[in-house]
Amino acid sequence: MSKPRVLFAASEVYPFAKSGGLADVAHSLPRALNTDCDLHVIMPLYQFVDRERFAIVALGEHFDVAIGGVVYPVELYGCVYEGLDYRFIYSPLLCDRDFLYGPPERGYDDNALRFAIFNHAILALLKKHTYDISHLNDWQCGLVPLLIKDDQTIRTKTLFTIHNLAYQGAFNSSILNEIGIDAKHFTMDAIEFYGEVSFMKAGIAYADAVTTVSPTYAKEILTAEFGCGLEGFLEHHKNKLTGIINGIDAEHFSPSEDKALSVPYVDLRGKNSNKNAYLKEVGLSGVKKPLFIFVGRFTWQKGMELLTEVLGKMAPKACNIAILGEGEEKYHDALKRVADKESNIHLAFGYDESLSHRMYAAADFLLMPSLFEPCGLNQMIAMQYGELPVVHHVGGLADTVCDYKEFNTKSAKGYGIPFNEPSPTAFLNAIDQALALYTNKAYYNKIVKHNMLCDFSWQESANSYRKLYDNITQESSHG
Ligand code: ADP
């Protein structure tokens, strides 16, 4: 059987641009699929993408797009990086700024038009080049399935992946003409969402298949608690919805090959050297005390209310705590208020890939009290680097972290400390369990060693995507 030609589109792809897990997935899933598919990854060529470092060159193709009576110049760029073929859409309005999506005061308001240009440019590319599958990720690519249906000349099949339903790309309906969408689609069955235009709904309504990033989240989003207002709409489309768990890039997140570490490691002795080095680096003392870390966006979703509330009660316990992230100011302030009073808390504000790796290498426990979590990568990275995640039992965290109380050396799954209720009491109770477990060092080490040997790679999930690609292309050949 010949390899399917796949166009894999996302608004961020590591290492070119990254704000969160989507970029990691768009980096590593295509690699896992590459041997079995003839694959191009496509993203916007933001001005901050390092063209020289990645040898990104103009491919001499122009797809200027006319949207709402205005012509937007679009140029195609490309590169081959680590064996994978990348395509980049360059259009000034989409790309010429030094941030991906925000902040609002600096142009957030034109994201509908920016990503409409990206979507229309993908459509223009699909008209010129044949792809069997267009794999479209999150709302920033949501209009593509709709545009393809309207066009009727393009024979690609579409798979739309929801990475986080909380970000829907919903905009004022007055932009409908400006983004080149026919008003006939502005209905509840299609792209209208409480009077606004929803890019996410367009993807769900018109794609041939829809996936989300864990089996549990696929079920959760059919409920009012997690459906973000789209639960009824998703229920209507649930026959084409499946959950496929994300993996992590086994090379990028490998303690034995990690270039960010001064001492790459395969065992607990090596890990301990990293813990020593990190504690020294950030001025924390007490290598025998367990080190808890938090890495992530400071948003409501990540359980920041819980973390900030629990932090003050946790600090007097025998542990060190290190936090890396950025996000809403109120959380920066709340964290700072506690950390200023406590000598065993280290805060680092900002986005720092290399520091995050050193933290994963040093830590004994990861804190992940997310209120909801479509998949989550941190917990898998943490287990791979030899720690136990303390997680709210929800979404992908429920699918990837088993309870240490049921530890079984024969299981292929990773273990941590899940808690059921997203309450400070339950979170603190899980932290106390972590502290107690750490005093039984032999047992703790056994679990850590097991976690480090677990396979969190993409292989199995890539096979599921590959099967799905086959299913939707076969559906088409059977009419
Ligand atoms: P998200 O909801 O943000 O996509 P995920 O758990 O899916 O969360 O992925 C988060 C990814 O981003 C992980 O690789 C994590 O280590 C990384 N990350 C998040 N915040 C930071 C930060 N401030 N510095 C470095 N890496 C970060």
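I began at P15, which sits in the loop between β1 (5–9) and α1 (21–33). Helices (H or I, at least four residues) and strands (E, at least two) are DSSP runs, numbered from the N terminus. The peptide bond joining Y14 and P15 is cis, with omega about 10 degrees.

Some ground rules I noted: this is a predicted model, where local features need pLDDT of at least 70, side-chain atom pairs count only at pLDDT 80 or more, and totals for chains, interfaces and linings use all residues. Residues are numbered from 1 along each chain as its sequence is written, and side-chain values use heavy atoms, with hydrogens and water left out.

E82 has phi near 45 degrees, and I found E82 in the loop between β6 (75–81) and β7 (84–90). D138 also has a positive phi, about 60 degrees, and D138 belongs to the loop between β8 (133–137) and α4 (143–151).

Buried or exposed, I asked of E82? E82 is exposed, because its relative accessibility is 53%. D138 counts as buried, at 9%. (Buried means under 20% relative accessible area, exposed over 50%, partly exposed in between; 1.4 Å probe, protein chains only.)

Then I zoomed out. I have 16 helices and 21 strands in the chain. Of its 479 residues, 60% count as buried. The C-alpha atoms fill a box of roughly 65 × 45 × 45 Å along the principal axes.
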